[in-house]
Amino acid sequence: MSNNIKEIQDEIVDEFEMFDDWMQRYEHMIELGKSLPLIEEKYKTEENLIKGCQSKVWVHAELEGDRLVFTADSDAIITKGIIAILIRAYSNQHPKDIIDADTAFIDEIGLKEHLSPTRANGLVSMIKQLKMYAVAYQTQLN
Amino acid sequence: MKVASTRTNFDVESIRKDFPILSREVNGKPLVYFDNAATSQTPQQVIDAIVDYYTRYNANIHRGVHTLSQEATDAYEQARVKVQKHFNAAHSYEVIFTSGTTHAINLVASGFSSLLKEGEEIIVSALEHHSNIVPWQMLCEKTGAKLKVIPMNDDGTLDMEEYEKLLSEKTKLVFVNHVSNALGTINPVEEIIEKAHKVGAAVLLDGAQAAPHIKANVQKLDVDFYVVSAHKMCGPTGVGMLYGKEEWLKKLPPYQGGGEMIATVTFEKTTYADLPHKFEAGTPDICGGIAFGAALDYMNSIGFENIAAYENELLEYATEKLQEIEGLRIYGTSAEKTAVISFNIDDIHPYDIGTIIDKLGIAVRTGHHCAQPVMDYYKIPGTVRASFSFYNTKEEIDIFIEAVKRAKNMLS
């Protein structure tokens, strides 16, 4: 049984609290980006592309049992780091939990504050997209 | 690169004092502003002109009998004369105030929709900004005219042989930017105009990127239309110029209906006002026009020769320093270019570099610079574009180079 979303979010917040400055936060984010579960090439389609980012971001979602698993990729490494953080929290969870999850941890790890406005919008679009997948698959489960 | 032969003795430190924004901090670091090709910063002299207008004589212009209206009208029309003189137009009524370059281009495109016939052709260049492509595509859809594209070479120059081949008696219009916004290439506009005129085609030059660096002489160029935005030349946003030869402006129908642009109105018939008012429907950006004039005064007080010589020095210095960074490629290496450097490092996404160096207080532009065809040519998602102005310094370039190196280390 994997941890629930809240526990993972807290874990991420703790992790980021270890860093004193933005450089270290970014370096950590870049590292996380490199460990991102990569989307299969065939899912890098126009439909899986998230709008609202200057860089390209693809997200694919698939049900495994009653849990939703996300894979993603981006052509920009910082964006990849952001999506890696989101996926760590939201992937392999029940769609209903994904829909209900709050996103305050983004503020707590300083992502919103530290990212440029357009990037922050990209972040918002990414969260919206993950939740939309969850809504779609939730109806399938019901 | 075009290199300044003599060092200029103009005093950048005293010029910098004219720009209050240059003393602010970003993310705890002194601002290094290298996004001048997107918008230039505003000197106190222009800010003062704006404040003065709203403080002393804000009023609607033309036809007002009261003092304030008269003062505002005088100032606005004086600004038109300043613009006329700056670009050396034959008459002040050949200067139309617009909201900017895009508006000016759309005005001309809309006017040509009644002049173009099916099968006739418009030529644009592969270096164009989106705003220079879309209005012509729309115009072609509407009229059945065809859009032809002058291809570009690897160094970011235009393929002039191909251009000659595209020209024929079917060509009615040629639209080219004087300077490319994505790469900084200065196009051979004299040659482009001369050849277009030989087949009887009109030429519109997008001077948005040229105007901050080059003082265009529209009569000497013999160009039919020339358009600029004030905000790229130390002026405010929301105002720009359409220059058109009198004969062309008379031929084009009005763009928008409204106040200012009419002479007489009855329900049976409206007669249009004379130039320039025929194209200036409604209350214009009065303050913006006046501030545009103040911006030209300011830039001319420094002198465009001094500006060009100093900016070339900055360009040469930055190019040399950037090329020392391993894996860095500069796009647009024409011998004739303005102080713009578009680059990528290895396969690092330009957005990643832009994000990191913003944390270090440096403003550059990343992305496709609204010139997707240029990016497609190089098969890249975009570039990092650093664009310099006469108020930038070599010390700022050093800070920028260090920041780019730091970003590269983090992102590789």
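Is B:Leu314 buried or exposed, judged by the other C-beta atoms within 10 Å? In this predicted model, B:Leu314 has 23 other C-beta atoms within 10 Å and is therefore buried. The threshold for that class is 20 or more such atoms. The residue lies in helix 11 of chain B. When residues up to four places away in sequence are not counted, B:Leu314 touches B:Ala339, B:Phe388, B:Asn392, B:Lys394 and B:Ile397.

Another residue of helix 11 of chain B is B:Glu316. B:Glu316 has 15 C-beta neighbours inside 10 Å and so counts as partly exposed, a class that lies between the limit of 12 or fewer for exposed residues and that of 20 or more for buried ones. From B:Glu316 to B:His130 the distance is 28 Å, C-alpha to C-alpha, and the two residues are 186 residues apart in sequence.

The packing of helix 11 is considered next. Helix 11 of chain B covers residues 304–323, and helix 14 of chain B covers residues 394–411; their axes come within 10 Å and cross at roughly 25°. Because angles under 35 degrees count as roughly parallel, helix 11 of chain B is described as roughly parallel to helix 14 of chain B. The crossing of the two helices is right-handed. On the side of helix 11 of chain B, the contact is made by B:Leu314, B:Tyr317, B:Ala318, B:Lys321 and B:Leu322. Helix 14 of chain B contributes B:Lys394, B:Ile397 and B:Ile401. By class, this contact between helix 11 and helix 14 of chain B has 6 nonpolar and 2 charged residues, with no polar residues. B:Lys394 and B:Ile397, which take part in this helix contact, are also among the residues that B:Leu314 touches.

Elsewhere in chain B, B:Lys146 lies in strand 6, which comprises residues 146–150. B:Lys146 has 14 C-beta neighbours inside 10 Å and therefore counts as partly exposed. Apart from its neighbours within four places in sequence, B:Lys146 is in contact with B:Glu121 and B:Cys140. The C-alpha atoms of B:Lys146 and B:Ile123 are 8.4 Å apart, and the two residues are 23 residues apart in sequence.

At the level of the whole chain, chain B has 14 helices and 17 strands. The radius of gyration of chain B is 22 Å, close to the 22 Å that the globule rule gives for 412 residues, so chain B is as compact as a globular protein of that length. Taken along the principal axes, the C-alpha atoms of chain B fill a box of roughly 70 × 55 × 35 Å. Of the 412 residues in chain B, 49% are buried. Among the contacts in chain B with a separation of 6 or more, 71% are accounted for by residues 24 or more positions apart.

Chain A contains 7 helices and 2 strands, and its elements follow the pattern α-α-β-β-α-α-α-α-α along the sequence. The radius of gyration of chain A is 14 Å, which agrees with the value near 14 Å that a compact globule of 142 residues would have. The C-alpha trace of chain A spans about 45 × 30 × 25 Å along its principal axes. Buried residues account for 39% of the 142 residues in chain A. For contacts in chain A with a separation of 6 or more, the share from residues 24 or more positions apart is 69%.

Within chain A, helix 1 (residues 5–17) and helix 3 (residues 77–90) pack at an angle of about 145°, and their axes are 8 Å apart. The residues that make this contact are A:Ile5, A:Ile8, A:Gln9 and A:Ile12 of helix 1 of chain A, together with A:Ile85, A:Arg88, A:Ala89 and A:Tyr90 of helix 3 of chain A. These residues divide into 6 nonpolar, 1 polar and 1 charged.

The two chains also touch each other, in a contact that takes 12 residues from chain B and 12 residues from chain A. On the side of chain B, helix 12 (350–359), strand 16 (365–367) and helix 14 each supply at least two residues. The largest share of that side, 6 residues, comes from helix 12 of chain B. By class, the side of chain B that touches chain A has 5 nonpolar, 4 polar and 3 charged residues.

Key
Residues numbered from 1 in each chain as written. Chains lettered and ligands numbered in written order. Predicted model: local features only at pLDDT ≥ 70, side-chain atom pairs only at ≥ 80, totals over all residues. Axes fitted to C-alpha atoms, helices over the stretch in contact; angles between N-to-C directions. Helix = DSSP H or I, 4+ residues; strand = E, 2+ residues; numbered from the N terminus. Parallel < 35°, antiparallel > 145°, perpendicular 65-115°, else oblique. Left-handed = near helix turned anticlockwise from the far one by under 90°. Contact = placed C-beta atoms within 7 Å. Nonpolar A, V, L, I, M, F, W, Y, C, P; charged D, E, K, R; others polar. Rg over C-alpha atoms; globule rule 2.2 N^0.38 Å.
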